[in-house]
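Morning, everyone. I have one structure to walk through today. Let me put it on the screen.

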Amino acid sequence: MTAQISIDRLTGLIAFARAASLGNYTSAARSLGVSPSAISKSVHRLEVQLGLRLFARTTRSLTLTPEGRDLHEKTLRLLQQAEEIEQTAKAARSEPSGTLRITAPLPIGVHILAPAIPRFRALYPKVYVELRLGDRHVDLIEESIDVAVRVGELADSRRISKKLGWHRIGAFASPDYLDRRGRPLIPDDLNRHDCVTFRYQSSGQLLRWPFKVGAKIIEFVPEHAVVTDASDAVAAIAVAGGGICISPTYVAAPFVKAGLLVPVLAEFAVDLFPITALWPESRRGNPNVNAFVAFLQGVFPAPAPWDVVVTTACVATPPP
């Protein structure tokens, strides 16, 4: 007997799985590229078809019922099997083509990946790139992500990974600010300066500024004059003379090269976290993924060009 499932029911299962994973219809709709009402209608039709109540709804979120939790687990397994079928078919191709979906934190995406994508497409013109940027760690399988670029130690050992480089953090200020206020010589001096700091959008927490002192890494939140939740804004405020900022070197390097920012406390800068490419096991033989991961090795050479810019500036302008 041939198993049959209607397109309408399959659509409902996809909408249900995404809404269950993300906790609301709006986020599910955004990830699938449809309207929240379309998600709501699909889930409602599925509930009617199955004769089950899948969500306990509130005005702000969705909570799975016991029947919903059971169906969610089974639906995720079904979608993973469908994903594996698709990837097996793609692996049979020898030439990269079709859509490549990449996710990355916003600053890495803007400053490193986005400028490199035209070069990748020049090599593989049949590949169409979808670059998704943000702080949220998406489920790679459920959201059909081919490659994720992430910062920090990886908690998911089920994925294949490749270390690309280091997320190096340093302090920077404008020449004008340093002329007016002087240059800090040790991290404790920051408490006598205007500091521009970063707040994580995902958690609301302030960034703890890291410095390498001897063999140890110390972290603290200095007294600050300005707080923002965008790394580019942190650098822009410092460029305008707003104070000393802490920044990844790949964000600060263009401003350093242009003479708009100067490294400070350079001897205390630290390689804080690894930058890693991550992809699902089902993508192991995917020609698009293989081509892009190989390409990333050239995007992240050792030493990284942005670190070379900052290091060169440190040599050119040694501390007093």
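Start with strand 7 and strand 11, residues 244-248: the two pair in the parallel sense, over 2 bridges. Bear in mind that this is a predicted model. Who partners whom? Take Val-196: its bridge partner in strand 11 is Cys-245.

Now strand 10, residues 226-228. Strand 7 pairs with strand 10 as well, again in the parallel sense, over 3 bridges. Here Phe-198 has Thr-228 of strand 10 as its bridge partner.

Are the faces of strand 7, residues 195-198, covered or open? Both are covered. Cys-195 and Thr-197 sit on one side, Val-196 and Phe-198 on the other, and all of them are buried.

Next, Ser-231. This serine lies in helix 7, which runs over residues 231-239. Is Ser-231 buried or exposed? Ser-231 counts as buried, because its relative accessibility is 17% and the cut-off for buried is under 20%. What does it touch, beyond its neighbours within four places in sequence? Ser-231 is in contact with Pro-107, Phe-198 and Val-251.

Now step back to the whole chain. It has 10 helices and 13 strands. Of its 320 residues, 43% count as buried. The C-alpha trace spans about 80 × 50 × 35 Å along its principal axes. Take contacts between residues at least 6 apart in sequence: 74% of them join residues at least 24 apart.

Last, charge. There are 36 positive and 30 negative side chains. The centres of the two sets lie 4 Å apart.

Methods: Residues are numbered from 1 along each chain as its sequence is written. This is a predicted model: local features need pLDDT of at least 70, side-chain atom pairs count only at pLDDT 80 or more; totals for chains, interfaces and linings use all residues. Side-chain values use heavy atoms; hydrogens and water are left out. Helices (H or I, at least four residues) and strands (E, at least two) are DSSP runs, numbered from the N terminus. Buried means under 20% relative accessible area, exposed over 50%, partly exposed in between (1.4 Å probe, protein chains only). Contact means heavy atoms within 4.5 Å. Lys and Arg count as positive and Asp and Glu as negative; His and the chain ends are not counted. The place of a charge is taken as NZ of Lys, CZ of Arg, CG of Asp or CD of Glu. Two strands pair if DSSP finds at least two bridges between them.
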